[in-house]
Amino acid sequence: MDLTGKVAVVTGGSRGIGKAVSLRLGGLGATVVINYVSRPDAAQETADQVVKAGGKAAVYQFNVADSAAVEHAFKKILEDYGHIDILVNNAGITRDGLFMKMKEEDWDLVLDTNLKGAFNCIKAVNRPMMKQRAGSIINITSVIGFAGNAGQANYAAAKAGLVGLTRSLAKELASRNIRVNGVAPGYIDTDMTRDLADSVKEIILNEIPMKSMGSADDVAAAVAFLASDEARYITGQFIHVNGGMFMG
Ligand code: NDP
C-alpha cells in the first residue's frame, strides 16, 4: 500500500486508535493532519513520532462537535495542503450509564461528538472531494453500534447512527469516486477501556473467542487498507476488528 502524495485528516489522532492510524498512514507516505481537542502534548508527540519515522504530520486543534470550528479548521487545512484525500472520523467519547439514570447532557454530548462530529467533518470535505472526484472516508464505529450494550445506549445509538450514515453516503457519493466505509473495533486497549474494572474486563474477555483485547494497531491496519487504492472497489462496508466477539 502506498499513500504517497495523499493528505489524510485523522480526528482524535492524538491518542489511542487515532494515534495508531496516524502513525500507520504517515508510514505509508500520507501527510497526516492530526486533530485533537484537549491534549496538545499528546497530539504533538504523535506528530513527532510520524516525522521521526520519516513521514509528514501537523496538528490542528478543534472540537469535532462544533460545526463552525470544524468548517474553519478544514478551510485552513485545504489552504495549507490544497487537498484532502482521506478522512478518518475517529474522535469519540463515552458517557456510560444505565438508561434510567442517563442525563440528557450525556446523551447530547455523546451524540454530538461521535455522530454529529462525523457529519460536520464529512460536510467539510464533501465538496472538495466531489470536485477532485476522489476520496476515502472511514468512520470508526464500534461493535456496540451493531450489538448494543446495557449501560451504553447513547454510545450505541451514536455508533449505529454512523453505520447508517456510512451506508447512505456510500450510495450517494460512489458516482463521484468517493468511498465511504467503516471500521468496527471490538475491545481495544486504549485510554477509553483502561479504566474499566477488572471484573468488567473479565466478563468482556470471556465473550471474545480469541480471548484477548485487540491493539490500536490492529484497527489501524484495517483503516489503512480501506484508505488505500487496494480497496478501490469497496464502499459501504465495515471491517470488524474484534477477535470474533461479534460477526456482522
Ligand atoms: P481514546 O479515549 O484513547 O482517544 C480519544 C481521541 O478522541 C483523543 O485523541 C481525543 O483527543 C479525541 N477526541 C475526543 N473528543 C473529541 C472532540 N470533541 N473533538 C476532537 N477530538 C476529540 O479513544 P480510543 O482510541 O479508544 O477510541 C477511538 C475511537 O474508536 C472512538 O470513536 C471510539 O468510540 C472507537 N472505539 C474504541 C474502542 C475501544 O475499545 N477502545 C472500541 C470500539 C470503538 P484529546 O487527546 O485531545 O483528548
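Q: How do the residues lining the largest cavity divide into nonpolar, polar and charged?
A: This is a predicted model in which local features need pLDDT of at least 70 and side-chain atom pairs count only at pLDDT 80 or more, while totals for chains, interfaces and linings use all residues. Residues are numbered from 1 along each chain as its sequence is written, and side-chain values use heavy atoms, with hydrogens and water left out. Ala, Val, Leu, Ile, Met, Phe, Trp, Tyr, Cys and Pro count as nonpolar, Asp, Glu, Lys and Arg as charged, and the others, Gly among them, as polar. On that basis, the lining of the largest cavity divides into five nonpolar, six polar and one charged.

Q: How much space lies in the largest cavity?
A: A cavity is, on a 1 Å grid over the protein atoms alone, a set of points where a 1.4 Å probe fits but cannot get out, and its lining residues have an atom within 4 Å of a point. The structure holds one cavity of 30 Å³ or more. With grid points joined across faces, edges and corners, and volume taken as the space filled by probe spheres set on the points, the largest cavity holds about 70 Å³.

Q: Which element gives the most to the lining of the largest cavity?
A: The lining includes T11, T113, N114, K159 and L162, among others. Helices are DSSP runs of H or I with at least four residues, strands are runs of E with at least two, and both are numbered from the N terminus. Two helices, α4 (104-132) and α6, each supply at least two residues of this lining. The most, four residues, comes from α4.

Q: From which residue does the backbone nitrogen lie 2.8 Å from a polar atom of the T11 side chain?
A: Leaving aside residues up to four places away in sequence, T11 touches several residues, including N35, V64, N89 and N90, where contact means heavy atoms within 4.5 Å. The backbone nitrogen at 2.8 Å from a polar atom of the T11 side chain belongs to N90.

Q: Which residue forms an aromatic pair with F62?
A: Rings of Phe, Tyr and Trp (its six-membered ring) pair if their centres lie within 6.5 Å, with planes under 30 degrees apart counted as stacked, over 60 as edge-to-face and the rest as tilted. A search of the whole structure finds three aromatic pairs. One of them is edge-to-face, at 5.7 Å centre to centre and with 65° between the planes, and it joins F62 to F74.

Q: How many residues apart in sequence are the parts that the pair of F62 and F74 ties together?
A: Both F62 and F74 are buried. F62 lies in the loop between β3 (56-61) and α3 (67-81), whereas F74 is in helix α3, so the parts that the pair ties together are separated in sequence by 12 residues.

Q: Why is the pair of F146 and F246 tilted, and at what angle are the planes?
A: The ring centres of F146 and F246 are 6.0 Å apart, and the pair is tilted because the planes are at 35°.

Conventions:
A polar contact is a pair of N or O atoms within 3.5 Å; within protein, one must be able to donate a hydrogen and the other to accept it, and residues adjacent in sequence count only if both atoms are side-chain atoms. Buried means under 20% relative accessible area, exposed over 50%, partly exposed in between (1.4 Å probe, protein chains only). On a 1 Å grid over the protein atoms alone, a cavity is a set of points where a 1.4 Å probe fits but cannot get out, and a pocket is an open set with protein on both sides within 12 Å along at least five of seven lines; lining residues have an atom within 4 Å of a point.
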